[in-house]
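Biologist: Could you walk me through this one while I have it open on my screen? I'd like to begin with the charged side chains and then move on to the helices.

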Amino acid sequence: MANSANPRIVVGVDGSPASEQALRWAVDYARLAGGTVHAVAAWEYPAFYGFGGASVPAPEFNPEELAGRILSEAVAQVAGARPEVPVIESVLPGNAAQALLEASGAAALLVVGSRGRGGFAGALLGSVSRHVTEHATCPVVVVRHGVAGGTAGDAG
């Protein structure tokens, strides 16, 4: 069960504008609710890595390190060097949707952007946001990128 005295807000971060807006929303909400932000980035090897002679990434390619750098840069940009609320960063292996579901198991709230790095331009929800809204055990907020007034304090 989530701790209502210090709610933990999990947010997915992939470096996309939508995920940065979701992170901003989560930080604003945590400030208002007296909570903690748990920013999560997931990583996995490219889908066709080593399959049927497909091109192999350069030896220096490290998806875990890249995800960590993207996460840290997004947190620094959105929350600043001295955030008003505690921000915990986690880089988890595997599919983004599954990583977010696992991280949000005891969370008060899960926040995601409407479309991340792999989204189709006309899609309302991306595959990750759709999956977590269908399977999360806590409430989910999907923050639409580019919608005016996208902060937690806004009523509409």
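Biologist: Which residues are linked in a network of salt bridges?

Modeller: In this predicted model, the network of salt bridges links Asp28, Arg31 and Glu84.

Biologist: And what's the N to O distance between Asp28 and Arg31?

Modeller: Their side chains meet in a salt bridge at 3.2 Å, N to O, and both residues belong to helix α1, which covers residues 17-33. They sit three residues apart there, about one turn of the helix.

Biologist: Is Asp28 buried or exposed?

Modeller: Asp28 counts as buried because its relative accessibility is 16%, and the cut-off for buried is under 20%. Arg31, with a relative accessible area of 39%, is partly exposed.

Biologist: How many salt bridges does the count come to?

Modeller: The count comes to four salt bridges. Among them is the one between Glu65 and Arg69, whose side chains meet at 3.8 Å, N to O. These two are separated by about one helical turn, because they are four residues apart in helix α2, residues 63-79. Arg69 is partly exposed, with a relative accessible area of 41%.

Biologist: What does Glu134 pair with?

Modeller: The side chain of Glu134 meets that of Arg130 in a salt bridge at 3.0 Å, N to O. Both lie in helix α4, four residues apart, which is again about one turn of the helix. At 48% relative accessibility, Glu134 counts as partly exposed.

Biologist: How far apart are the end C-alpha atoms of α1, and what span should its 17 residues have?

Modeller: The end C-alpha atoms of α1 are 24 Å apart, and this agrees with expectation because 17 residues at 1.5 Å a residue should span 24 Å. Following α1 comes Gly34, which has a positive phi, near 70 degrees.

Biologist: Changing topic, at what angle do α3 and α4 pack?

Modeller: Helix α3 (residues 96-103) and helix α4 (residues 127-135) pack at an angle of about 35 degrees, and their axes are 9 Å apart. Their crossing is right-handed.

Biologist: Which residues meet there?

Modeller: From α3, the residues are Ala96, Ala97, Leu100 and Leu101, and they meet Val128, His131, Val132 and His135 of α4. By class, that contact has six nonpolar and two polar residues, with no charged ones.

Biologist: Now the whole chain: what pattern does the protein follow along the sequence?

Modeller: Read along the sequence, the pattern is β-α-β-α-β-α-β-α-β, with four helices and five strands in the protein.

Biologist: And what share of the residues is buried?

Modeller: Buried residues make up 36% of the 156 residues in the protein.

Methods. Residues are numbered from 1 along each chain as its sequence is written. This is a predicted model: local features need pLDDT of at least 70, side-chain atom pairs count only at pLDDT 80 or more; totals for chains, interfaces and linings use all residues. Side-chain values use heavy atoms; hydrogens and water are left out. Axes are lines fitted to C-alpha atoms, for helices over the stretch in contact, and angles run from 0 to 180 degrees between N-to-C directions. A crossing is left-handed if the near helix is turned anticlockwise from the far one by less than a right angle, and right-handed if clockwise. Contact means heavy atoms within 4.5 Å. Ala, Val, Leu, Ile, Met, Phe, Trp, Tyr, Cys and Pro count as nonpolar, Asp, Glu, Lys and Arg as charged, and the others, Gly among them, as polar. Buried means under 20% relative accessible area, exposed over 50%, partly exposed in between (1.4 Å probe, protein chains only). The expected span of a helix is 1.5 Å times one less than its number of residues.
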